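Here's a quick tour of the chain, going from the overall fold down to a single residue. Have a look at the model first, then read on.

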Amino acid sequence: MSAADMKIITVIGSGLIGRSWAMLFVSGGYNVKIYDNQPGQSARAIFLSLRKQLVELEEAHMLRGELSAAQQLALLSSYDDLSQALDGAFFVQECVFEQLEVKQSIFHDMERFVGKDVILSSSTSCLVPSKVFSKVQNRSRCLVSHPVNPPYYVKLVELVPHPETAAAVMDTTHALMTKVGQAPVLLKKEIDGFALNRVQAAIIAESWRLVQDGVISVKDIDLVMSEGLGMRYAFIGPMETMHLNAPKGLEDYMSRYSENITRVLSSFGPVPDFCGEGAKSVINEMCELIPCDQQHLSARQERRDQFLMRLAKLKKD
């Protein structure tokens, strides 16, 4: 596929993640066709949500890409018909519900309307490609491109191959994500939870255990991350952190601390019960700090996004 053919991207689904992908792709100058199976929904997403977000980002000097908000908005179009939405696209990003059967069905339907070189990508956060694309005939052009919420401020994208995915498909997707300003990472093979959610699950599990076992409060375990580990990890990862924390690098670090790390790891308990009776005390403590009604949650989500916007700007500078 020539560069001249790589101008149109189709986004399947106009929810939060679909709208986020659309904003990222138009920032790179691509024409983006948004499809939703609910009549009129994709049009409402453009004119009621995306228009407002692009203008606000421009006013905050956080709009990505070289085009103005008006120019980026002009690159968006809405579709209720799947075949029309897919016409001319070189790349398709699926953003439907996180239900295996729904994703399998949409990819099966898509394959009837796209050429053999069109890349089919899923936004799934936890479903492995071998299951998502099991009903697709040509699986060599399929992969998962898993974003982090909110994708506009958190740039990481995990690229996860199907066992049959062609290397050229991974390379093309990596180049596309880089062009629109994301930070793609390549997984060499599929694994349950991918990389990000496996690391996140480990943090969640131990944080939950420490609170549930009465070692620390909900408020303070969050401070362990936000005022401790997170201060480093916003700029360098755990491997580089260890490499820099010993006079002679990573091997030196492990010669000094591996015994202690192994001892601590061996003391970790079983996977916590996140939903049973034992979970209520943790949940209640969290809700005392931030009530779980829509007003309080929305306010904290807005606060989170503002912090992430400022952090993204700092990292850019």
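## Contacts and overall shape

Among contacts in the chain with a separation of 6 or more, 67% are between residues 24 or more positions apart. Bear in mind that this is a predicted model. As for secondary structure, the chain holds 13 helices and eight strands. Its radius of gyration comes out at 22 Å, close to the 20 Å from the globule rule for 317 residues, so the chain is as compact as a globular protein of that length.

Run the principal axes through the C-alpha trace and you get a span of about 55 × 45 × 45 Å. Of the 317 residues, 37% count as buried. The chain exposes about 17800 Å², and carbon and sulfur atoms supply 56% of that area.

## Two domains

How is the chain divided up? The domain assignment gives domain 1 (6–184) and domain 2 (193–313). Taken over C-alpha atoms, the centres of domain 1 and domain 2 sit 30 Å apart. Where they meet, 19 residues of domain 1 are in contact with 11 residues of domain 2.

## The sheet

Next up is an open sheet of eight strands with mixed pairing, and its order reads E3-E2-E1-E4-E5-E6-E7-E8. Strand E3 (76–79) and strand E8 (183–186) are the edge strands, each pairing on one side only. On average, neighbouring strands of this sheet are turned by 25° against each other, direction ignored.

For a look at one pairing, take strand E6 (residues 142–147) and strand E7 (residues 156–161): they pair in the antiparallel sense over five bridges. Ser-145 stands opposite Leu-159 in E7.

## Zooming in on Ile-8

Ile-8 belongs to strand E1 (residues 8–12).

As for Ser-207, 199 residues from Ile-8 along the chain, the two C-alpha atoms are separated by 43 Å.

Note on methods:
Residues are numbered from 1 along each chain as its sequence is written. This is a predicted model: local features need pLDDT of at least 70, side-chain atom pairs count only at pLDDT 80 or more; totals for chains, interfaces and linings use all residues. Side-chain values use heavy atoms; hydrogens and water are left out. Two strands pair if DSSP finds at least two bridges between them. Helices (H or I, at least four residues) and strands (E, at least two) are DSSP runs, numbered from the N terminus. Axes are lines fitted to C-alpha atoms, for helices over the stretch in contact, and angles run from 0 to 180 degrees between N-to-C directions. The radius of gyration is taken over C-alpha atoms; the globule rule is 2.2 Å times the number of residues to the power 0.38. Buried means under 20% relative accessible area, exposed over 50%, partly exposed in between (1.4 Å probe, protein chains only). Contact means heavy atoms within 4.5 Å. Accessible areas come from the Shrake-Rupley method with a 1.4 Å probe; for residues, only the protein chains shown count as cover. Domain bounds come from an automatic or database domain assignment.
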